[in-house]
Every structure is written in C-alpha cells, then in structure tokens.
Amino acid sequence: MRFDTVWRGARLATLAESLPGLGIVERGAVACRDGRIAFAGPERDLPTGWDAETRIDLDGRWVTPGLVDAHTHLVHAGDRAQEFELRLAGASYEEIARAGGGILSTVRATRAASEDDLVRTALPRLDRLIAEGVTTVEIKSGYGLEPATETRMLRAARRLGRERPVAVATSYLGAHAVPPETDRAAYLDEVCATIPRLAGLADAVDTFCEGIAFSPEETARVFEAARAAGVPIKLHADQLSDTGGAALAARFGALSADHLEYASELGAAAMAKAGTVALLLPGAFYTLRETRAPPVEAFRRHGVRMAIATDCNPGSSPLTSPLLAMNMAATLFRLTIDEILAGTTREAARALGRLAQVGTLEPGKLCDLAIWEIERPAELVYRLGFNPLFARVFRGR
C-alpha cells in the first residue's frame with residue numbers, strides 16, 4: 001500500500017473512543033493519503049509492503065489530533081480595554097452592559113469596519129490559535145445586530161478559512177443583544193427572518209440566553225426558526241444566572257450549551273439525554289472574576305460530554321491561547337488531563353457536529369495533526385506561557 005506521508009516513531013494520543021483514556025499508542029505511526037488518515041496505530045501494524053512518498057521520523061514525539069477551538073468571536077473590530085479597567089475598579093459585566101458598554105460597544109466599531117478590515121484584524125488572532133496547534137476553529141457573528149453587518153462578519157469568517165490552512169465553522173449569533181435603535185419584538189422578528197437567508201454562510205445558529213440578553217421564550221423562537229431552516233443550534237446558556245438555558249438547549253437538541261456556570265442538576269441531566277455537549281469557557285470565568293464554576297461534578301454524574309474553548313472575544317475573554325485555556329480548565333474547573341485533552345479535540349469536534357471528520361486519530365478522518373515536543377500529555381496542561389508545538393499538519397500537509 002502506498003501513502004503520501006507516514007509519520008513514524010511517534011507516541012499517539014488517538015482519542016479514539018474504542019480505546020481507554022487518551023487512546024495512547026506507544027511506538028505508533030500515522031499514515032496519510034489524499035488528505036485523510038489511512039492508518040493510525042502501532043507501527044508494527046502498518047500494512048505489509050507499505051511505501052510512502054514522504055517518511056518522517058518523529059523520534060518519540062507525541063501526536064494528537066489537531067486542536068479544535070469550538071467557541072470564538074474572532075471576527076470583530078475595536079477593543080474593550082477601557083471596560084477591563086472599569087471591571088478592575090469594581091464594575092460588573094452586567095453593569096457595564098446596561099450602561100451601553102459591553103457587546104454594544106463592539107457593535108459600534110464592527111458596523112464601521114469593512115469586510116477587509118475585519119479579515120485584517122482577525123488574522124493575527126487566528127495566527128495565534130494556529131501557532132498552538134488549532135486546525136479547526138468556530139467563529140461567530142453577533143457584533144452587527146443588523147443583517148448587513150452580521151452577513152459581513154460571516155463572509156469575513158469564511159475568508160479566514162481561505163487565507164490560512166484552517167477549517168472554519170461559522171455560527172450566526174444575531175440574538176446576541178438588542179440593538180438600541182430597534183425594539184425587542186421587531187429585532188427578534190428580523191433575526192428569525194434572517195436565518196433562512198444565510199445558507200452557505202452559517203453552519204449553526206447561536207443565541208445569548210440571559211437576563212441581559214434574551215429570555216428562554218425569545219430564545220425558543222430563534223431555535224424554532226433555525227429548526228424550520230434545518231440549521232443546527234448552539235446556546236450561550238446559564239452564564240450569569242440560571243435561566244434554564246441548559247435544559248432549553250437540550251430540548252431543541254443543541255450541539256452544545258456554552259458557559260454553564262449556573263446550570264442546574266436538571267439541566268445537566270437533560271443535556272446528557274439529548275447528547276448536548278457542555279462547552280466550558282474558563283477564559284471568560286477568569287476575566288470576569290466569577291466565583292461560581294460550572295457544575296462539573298453534575299456533568300460527570302450524568303455523563304455529559306465536556307469541551308473547552310478560548311471564547312476569544314474583545315470583552316469577557318480576550319484569549320488567543322488554547323493551551324492557557326487548557327490550564328485554566330484544570331486549575332479553575334478541576335478537570336482532569338484526560339478530560340481536557342478530549343475537550344480540546346474529540347469533544348470540541350462533537351460540539352461542532354464535526355466528529356465524523358476530525359477530533360480523533362482514526363482512519364478515514366481528515367489528517368489534521370498536532371505534533372508536540374513533550375514527554376507526557378500532562379505537559380500540555382501544566383505549563384504556562386510555553387508552547388511545545390513541534391509541527392502542525394492540516395489535511396496531511
């Protein structure tokens with residue numbers, strides 16, 4: 001059998017669900033053909049008589065699936081450093097938002113930016129993610145709050161996937177906040193009417209269900225529109241209060257419910273039954289200096305899958321380091337090494353509905369790899385401000 005490339009002498013964390021823990025294979029190999037994994041396993045099990053155009057000896061380095069950052073607001077204009085100062089002085093996220101700051105501050109800057117501006121300013125943020133092993137990234141709209149800018153943001157996100165070797169999943173987050181020039185009912189009508197027009201631009205529909213954003217009833221309206229259009233859904237849920245967002249996300253079969261600091265036991269049970277992933281965002285928890293962590297023990301009890309993302313955004317999580325997000329998930333949320341590595345690969349892919357394509361090292365999946373100069377997987381979580389990425393492979397290259 002002939003392959004395009006074979007990486008040998010590797011230690012694999014395959015994350016395959018058929019194997020225990022991280023699916024570790026010592027003295028392993030990965031073979032690629034036509035951009036997909038053709039073999040991943042013990043080197044001794046490579047097909048007899050195999051050959052490859054390129055052979056790479058990794059000399060014992062670790063290989064994981066390429067990292068998946070499943071929740072970002074990467075495309076936006078402006079910054080909110082001044083609000084960071086206000087929070088340091090004691091203002092809460094909710095107080096800043098109600099005073100016209102927060103999301104609406106970024107909306108003003110983003111509406112004034114061209115598509116080229118949005119791509120140009122997002123590229124450095126994307127490059128930081130790529131430099132730490134990310135091969136798939138989700139990017140939301142949500143800073144336009146009117147159809148033209150929301151569409152422009154989604155077009156910019158698609159362009160990022162052409163500017164760099166990375167897969168981009170997009171989410172329409174029109175229901176992020178109510179724009180000041182429109183009343184709630186009229187804006188909600190506009191959001192619902194926009195969803196069917198975004199074919200090819202939005203892979204999912206997201207909503208911010210919270211006291212300062214949209215109620216569960218309003219969120220359900222958006223989800224009904226998404227369901228009618230055949231678009232998967234995600235939800236910013238139970239971040240600042242228990243609005244029942246986790247259970248609502250589960251009721252609509254959401255791919256993920258994100259944040260979840262105030263999610264209830266009932267919400268966790270509903271998510272487990274629906275297969276909705278709990279997408280945890282420690283960067284926002286840290287930046288907002290929250291004190292109530294997501295109910296990780298409840299998620300474990302009920303068997304809810306947990307993913308981790310940077311939540312890169314200009315206000316509550318200006319974070320462009322998935323490795324730091326991994327450390328925060330351990331130190332702030334008490335996740336285990338296995339949960340964190342699964343949460344940034346396999347479960348993050350599940351949260352995007354892309355597990356059939358990426359997230360594990362298994363034959364048939366796209367050959368997206370992260371190759372690490374480490375002695376053990378725990379190093380990826382343990383170190384601060386240190387990037388041990390040796391090489392990143394996207395679609396076999």
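How many nonpolar, polar and charged residues are in the lining of the largest cavity? There are four nonpolar, nine polar and two charged ones. This is a predicted model, where local features need pLDDT of at least 70, side-chain atom pairs count only at pLDDT 80 or more, and totals for chains, interfaces and linings use all residues. Residues are numbered from 1 along each chain as its sequence is written, and side-chain values use heavy atoms, with hydrogens and water left out.

**Cavities**
- A cavity is a set of points on a 1 Å grid over the protein atoms alone where a 1.4 Å probe fits but cannot get out, and lining residues have an atom within 4 Å of a point.
- Volume here is the space filled by probe spheres set on the points, which are joined across faces, edges and corners.
- Ala, Val, Leu, Ile, Met, Phe, Trp, Tyr, Cys and Pro count as nonpolar, Asp, Glu, Lys and Arg as charged, and the others, Gly among them, as polar.
- Searching the whole structure turns up two cavities of 30 Å³ or more.
- The largest cavity comes in at about 100 Å³, and H73, Y93, H176, N313 and S316 are the closest to its centre of the 15 residues lining it.
- The second largest cavity has a volume of about 40 Å³, and its lining splits into seven nonpolar, two polar and one charged.

**Helix α6**
- Helices are DSSP runs (H or I, at least four residues), numbered from the N terminus.
- In α6 (residues 184-194), Y187, L188, V191, C192 and T194 are buried, meaning under 20% relative accessible area with a 1.4 Å probe, protein chains only.
- Looking down the axis of α6, these buried residues fall within an arc of 165 degrees, so they line one face of the helix; the arc is that of the directions from the helix axis to the C-beta atoms.

Conventions. 1 Å grid on protein atoms, 1.4 Å probe; cavity = no way out; pocket = protein on both sides within 12 Å on 5 of 7 lines; lining within 4 Å. Buried < 20%, exposed > 50% of the residue type's maximum accessible area, 1.4 Å probe, protein only. Helix = DSSP H or I, 4+ residues; strand = E, 2+ residues; numbered from the N terminus.
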